[in-house]
Amino acid sequence: MLTNLNQQSILDFDKGDPTMYEAYWKSIGDDFKITISASEALSYFANPKSFCWFMLPKLEQEIRNLHNVVGNAVVEGRHIVVGNGSSQLIQAALYALAEPLDPSSPISVVSAAPFYSCYPQIADYLRSGLFEWGGDAHAYVDHDDQPYIEMVTSPNNPDGELRGPVVNKANGMLIHDLAYYWPQYTAITKPADHDIMLFTASKCTGHAGSRIGWAIVKDANVAKQMVKFLEISTIGVSKEAQLRALSILEMISTNSCPTNFFEFGQSVMAERWMKLREALQGTDVLQVPDFPPRHCNFKRNYKECNPAYAWMKAQEGINLEGVMKEESIRVRGGGTFGCPSNYARLSILGKDNDFDEFLKRFPSVFKRLAH
């Protein structure tokens, strides 16, 4: 066993913290600033006549504008629900689908492996009588036509694949998690058009700390049930966060920034994936997926897909997370995604200096994997 005698600083590539966008927003400087007086935004209510009474009407409009500009989701005739990040909206959607059925036993929530590592926690955290984690959708067994809920993540976290549902039974309900369906990560092949679609500012603009996400929902009753969950859990969403989000979305959709936001994101992601693939050339001890170019309707040409994460695969029997830890690199092990330990997820969303330092340690990782 090789031992790391140098006390290297720990590089955290476990979390999908989108700090790569700090450089862009710093370049905007004072061109973007929000001032909120002490007399503003006191009331619980933002739009009492709307079913989503805590959502600022201007935020709803900017969400619709951005999707129309990018072309990644159908918003015409759909209902918008704002939440405290997409994690809360996942719970709200699960509640909205399960509660009206009044099930005698919890409804299974499934997702195809490799699935987002937080789905099991989100489904089981409250120990709800309405739903529970049911595991890998590939292994789901339909018992007597019981209802189930399938989480469909596209592009998928962790492997970046564009995906559809797996179980495909008439008694199934679908939630599409589209957090990464933005042009900096993948080609926009068509406007997504599903019953429930979830997006988040954290992966769209990089403002994870504002905790703003939104759902695009076809059925009015489902949307109202989601709002009911939000009422009970947090009595809505901070207006300060909404004001910040709507200003940022407006800047992006109108392209009023000095440099184009999506072009910045595409450039950073493309460069990092290029460096990663160059570092992997000539070695067979570690692999990452290949993504063929796809036609992007937003860019109006063919583009490479550069996912937010590198889904790494080592040889069978290796604990890849443990090997990375020996080099003071934190990644998320394959077991949390429903896969063997020779897989691990590496975030590509951090700061430049951390990513460059990671590449410097890569040769030492290869040596450990070869032993």
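**Helix α6**

I began with the buried residues of α6, and I list them as Val-222, Ala-223, Gln-225, Met-226, Val-227, Phe-229 and Leu-230. I keep in mind throughout that this is a predicted model. When I looked up what those buried residues pack against, I found β2 (79-83), α3, β7 (196-200) and β8 (213-217). The helix itself covers residues 220-234, and its 15 residues reach 21 Å from the first C-alpha to the last, close to the 21 Å expected at 1.5 Å a residue. At its N-terminal end I noted a cap by Asp-219, with a side-chain oxygen lying 2.8 Å from the backbone nitrogen of Asn-221. Just after the helix, Ile-235 takes a positive phi of about 50°.

**Helix α3 and the cores**

I turned next to α3, one of the partners of α6, and found that 13 of its 14 residues are buried. Its end C-alpha atoms are 21 Å apart, which agrees with the 20 Å that 14 residues should span at 1.5 Å a residue.

I then asked which residues have the most contacts inside the largest nonpolar core. That core has 120 residues, and the ones I wrote down are Val-81, Trp-214, Met-226, Leu-286, Met-312, Phe-358 and Phe-362. Helix α3 (residues 85-98) gives the most to this core, with 9 residues. Apart from it I found another core, of 6 residues, among them Val-110, Ala-112, Ala-137 and Tyr-140. For Phe-358, setting aside neighbours within four places in sequence, I recorded contacts with Leu-11, Phe-13, Leu-276, Ile-329 and Leu-346.

**Salt bridges**

I noted that the structure holds 16 salt bridges, and I looked up several of them. Arg-332 pairs with Asp-14, the closest N and O atoms being 2.7 Å apart. Since Arg-332 lies in strand β13 (residues 332-333) and Asp-14 in the loop between β1 (11-12) and α1 (22-28), the pair ties together parts that are 318 residues apart in sequence. Both Arg-332 and Asp-14 are buried.

Glu-60 forms a salt bridge with Arg-64, with 2.9 Å between the closest N and O atoms. These two are 4 residues apart in helix α2 (residues 57-70), so they are separated by about one helical turn.

The side chains of Glu-327 and Arg-368 meet in a salt bridge of 2.7 Å, N to O. This pair links distant parts of the chain, with Glu-327 in the loop between α9 and β12 and Arg-368 in helix α10 (residues 352-370), 41 residues apart. Both of these residues are buried. I also recorded one network, in which salt bridges that share partners join Arg-78, Asp-193, Asp-195 and Lys-218.

**Arg-345**

Arg-345 is placed in strand β14 (residues 343-347), and a polar contact of 2.9 Å joins its side chain to that of Asn-157. Setting aside neighbours within four places in sequence, I list among its contacts Phe-13, Asp-14, Tyr-309, Trp-311 and Arg-332.

Note on methods
Residues numbered from 1 in each chain as written. Predicted model: local features only at pLDDT ≥ 70, side-chain atom pairs only at ≥ 80, totals over all residues. Heavy atoms only, no water. Polar contact = N/O pair within 3.5 Å; in protein donor to acceptor, adjacent residues only side chain to side chain. Contact = heavy atoms within 4.5 Å. Core = buried A, V, L, I, M, F, W, Y, C linked by side-chain atoms within 4.5 Å. Buried < 20%, exposed > 50% of the residue type's maximum accessible area, 1.4 Å probe, protein only. Expected span 1.5 Å × (residues − 1). Salt bridge = Lys/Arg side-chain N within 4 Å of Asp/Glu carboxyl O.
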